[in-house]
Amino acid sequence: MERPKILHIDISLVDNAVTLWQKGGLVAMPTETVYGLGADATNGEAVARIYSVKSRPQFNPLIIHVADARAACRYVEWNDTADLLADAFWPGPLTMVLKRRPRSRISELVSAGGETLAVRVPSHPVAQQLLQAFNGAIAAPSANRSGRVSPTTAEHVREELAGDMPLIIDGGACEVGLESTVLDVSGEHPVILRSGSVTQEMIEKVLGKKLATQHTPVAPNNAAHKSPGQLESHYAPSIQVRLNASNVAADEALLAFGAAPLTGAGKTLNLSPSGNLIEAAANLFAYMRALDDTKFRAIAVMPIPNEGIGIAINDRLQRAGAPR
Ligand code: TXA
Ligand code: MG
């Protein structure tokens, strides 16, 4: 028999979760849609650990969870459409994609290097308790391993992720049981990127207009909007990217890895001098951006071990290095 929804958790449990988040740890939390695998969105290494635990082979951007619309405004550029929709559907299962604030402290890994950020205000009372106490932004994908279905009870999360999660907060069975609707409101015309229980019709009614049809992805045969990693808005360096470099020239920038970086580059940034893949993932997007300078001919990238989160790092680097 399914457990009923839990409305309130003990303050000491809330304190536990908040302390773990502040220390860069992971906490699974209930929401009204599905359970989320949460980390402090401003902590790059904590966010990298999310990808590592999920064994995601790619850096898909993550949703940040905040307590209310006012908190959302700290991280994204708010607009009138977002305001209308927040009034109608927040707290609740609508995620809105908006432009990142230029100086938002959210890790670049959360938006996978992109210019936008997905935000959501969950209505589950336990999620509300946790987010209000944390008073920040929690990046949280569904708390399942990559390729598995999203968990709707704490038991599901435990079965899949037990060994990797220091804390799984039980909020009972999720009411909605289906992931949130994802709506891109960063441009002139809102576009649904993922369908959910907040339907196109409901959104159109609030906005008083029809939604535009979904835009065509650049990559052919691509399951479209569902993999924003492939969208044109996704960050790609403007200069060439040369992978698996075993030497580097003075007119190149070097993205190094490990204790023995190549010498001779015009500029070098080391993803992780100690060879730690979690640290490397946390630095990846910010360092690519920092080296993307037209005074260099190319960004040379040293080999990254293709294991664990290194697989997602290499996926991203290969796409950055693909011929354009
Ligand atoms: O209901 C939900 O949304 C659950 C709970 C935990 O909140 N979370 C969830 O997260 O389903 P996840 O990571 O499994 O799915 C997030 C979706 C993905 O399809 C991702 O591509 C999209 O949101 N997304 C995230 N950031 C985006 C962005 N900046 N632009 C476009 N799509 C984005
Ligand atoms: Mg998911």
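1. Let's start in the sheet. Strand β4 (residues 94–99) and β5 run antiparallel, joined by five bridges. Within that pairing, Met 96 sits opposite Val 119 of β5. Bear in mind while reading that this is a predicted model.

2. Zooming out, β4 and β5 belong to an open sheet of nine strands, ordered β7-β1-β2-β6-β3-β5-β4-β8-β9, with mixed pairing. The edges are held by β7 (167–168) and β9, and each has a single partner strand, so one side of each has no neighbour in the sheet.

3. Now for ligand 1. Its shell counts 23 residues, and the closest are Thr 33, His 65, Arg 120, Ser 180 and Arg 194. Three strands, β3 (63–65), β5 (116–120) and β9 (191–194), each give at least two residues to that shell. The largest share is from β5, with four residues. By type, the shell splits into 13 nonpolar, six polar and four charged residues.

4. Which side chains put a polar atom by an oxygen of ligand 1? Thr 33 has a side-chain N or O atom 2.6 Å from a ligand oxygen. For Ser 180, a polar side-chain atom is also 2.6 Å from an oxygen of ligand 1, while for Ser 142 the distance is 3.2 Å. On its own, ligand 1 would expose 680 Å², and the protein buries 93% of that.

5. On to the aromatics: there are four aromatic pairs in the structure. Take Trp 21 and Phe 134: their ring centres are 5.5 Å apart and the planes meet at 65°, so this pair is edge-to-face, the cut-off being over 60 degrees. It links distant parts of the chain, with Trp 21 in helix α1 (residues 11–22) and Phe 134 in helix α5 (residues 125–134), 113 residues apart. Trp 21 is buried at 0% relative accessible area, and Phe 134 counts as buried too, at 10%.

6. Trp 78 and Trp 90 make a tilted pair, 5.8 Å between centres and 40° between planes. Both sit in loops: Trp 78 between α3 (69–72) and α4 (80–89), Trp 90 between α4 and β4, 12 residues apart. Trp 78 is partly exposed at 23% relative accessibility, whereas Trp 90 is buried at 10%. Separately, ring pairs tie Tyr 51, Phe 59 and Phe 285 into a cluster.

7. Last, a look at Asp 293, found in the loop between α8 (277–291) and β13 (298–301). Buried or exposed, or something in between? Asp 293 is partly exposed, at 27% relative accessible area.

Definitions and conventions: Residues numbered from 1 in each chain as written. Chains lettered and ligands numbered in written order. Predicted model: local features only at pLDDT ≥ 70, side-chain atom pairs only at ≥ 80, totals over all residues. Heavy atoms only, no water. Near = heavy atom within 4 Å. Polar contact = N/O pair within 3.5 Å; in protein donor to acceptor, adjacent residues only side chain to side chain. Areas by Shrake-Rupley, 256 points an atom, 1.4 Å probe, with all protein chains shown as cover. Nonpolar A, V, L, I, M, F, W, Y, C, P; charged D, E, K, R; others polar. Pairing = 2+ DSSP bridges. Buried < 20%, exposed > 50% of the residue type's maximum accessible area, 1.4 Å probe, protein only. Phe/Tyr/Trp six-rings, centres within 6.5 Å; stacked < 30°, edge-to-face > 60°.
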